[in-house]
Amino acid sequence: MISTVSSSMTIGSLYASGSGRGDARASDAAGSDKSQASSAEKTASQQKADERTIAELAATDRKVHAHEAAHLAAAQGLAISGASFSYTTGPDGKRYAVGGEVNIDTSEAKTPAETIIKAGHIRRAAMAPVDPSAQDRSVAAMADRMAANARLELNREQAASYTRSNTPALGSQVDIAA
């Protein structure tokens, strides 16, 4: 069954990649008309640079996938869909994840008590990765505000209930003994 979600937020991060440096070097190497010996040297140095770029991209890819997997594992049914990733192509022609996100349901629950519990789940999902991003921290702060507002509402409801049950009805008799 598909349910309507009134509000959602994205938790995830975008990592900087070293692919821009590799792409710039590749265009510099293609544009130069040097002797064959210096071309061979440039090719060897370009190959080493490409290997470093590929290693950096592979490490970033692993971090991004682990980061989003942590969000999904902690989401406890709040994830609207699976993780989505943004990619860059490395010098080897392969695609590497350099950013990702998980959309989660951040709407309030039916009651203030349920909202307090849900806000805790949202906070845990946002802060699950080892290295939470600024967006993750923002979602966690929003969850804290959601829980605080729900606690205020719950306190108001309890105070109103107490007042109603402990207020004598108008016109009731009061026994005053002297």
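1. Start with Asp144. In this predicted model, Asp144 has a relative accessibility of 35%, so it counts as partly exposed. Its side chain meets that of Arg123 in a salt bridge, 2.9 Å from N to O. Asp144 lies in helix α4 (residues 134-165) and Arg123 in helix α3, so the pair ties together parts that are 21 residues apart in sequence. Arg123 is also at 35% relative accessibility and therefore counts as partly exposed.

2. How many salt bridges does the structure hold? There are three. Another one joins the side chains of Lys118 and Asp105, at 3.1 Å from N to O. Lys118 sits in helix α3 (residues 112-126) and Asp105 in strand β3 (residues 95-105), so this pair links parts 13 residues apart in sequence. Both Lys118 and Asp105 are buried.

3. Now look within helix α4. Arg156 and Glu153 both lie there, three residues apart, which is about one turn of the helix. Their side chains form a salt bridge at 3.5 Å, N to O. Arg156 is exposed, because its relative accessibility is 53% and the cut-off for exposed is over 50%. Glu153, with a relative accessible area of 33%, is partly exposed.

4. Asp61 deserves a separate check. It belongs to helix α2 (residues 36-74). Asp61 is buried, yet it has no salt bridge. Which side chain of opposite charge is nearest to Asp61? That is Arg62, 6.8 Å away. A salt bridge needs the atoms within 4 Å.

5. What does Asp61 touch, leaving aside residues up to four places away in sequence? Asp61 touches Tyr96 and Ala97. The backbone nitrogen of Ala97 lies 2.6 Å from a polar atom of the Asp61 side chain.

Technical notes: Residues are numbered from 1 along each chain as its sequence is written. This is a predicted model: local features need pLDDT of at least 70, side-chain atom pairs count only at pLDDT 80 or more; totals for chains, interfaces and linings use all residues. Side-chain values use heavy atoms; hydrogens and water are left out. Helices (H or I, at least four residues) and strands (E, at least two) are DSSP runs, numbered from the N terminus. Buried means under 20% relative accessible area, exposed over 50%, partly exposed in between (1.4 Å probe, protein chains only). Lys and Arg count as positive and Asp and Glu as negative; His and the chain ends are not counted. A polar contact is a pair of N or O atoms within 3.5 Å; within protein, one must be able to donate a hydrogen and the other to accept it, and residues adjacent in sequence count only if both atoms are side-chain atoms. Contact means heavy atoms within 4.5 Å.
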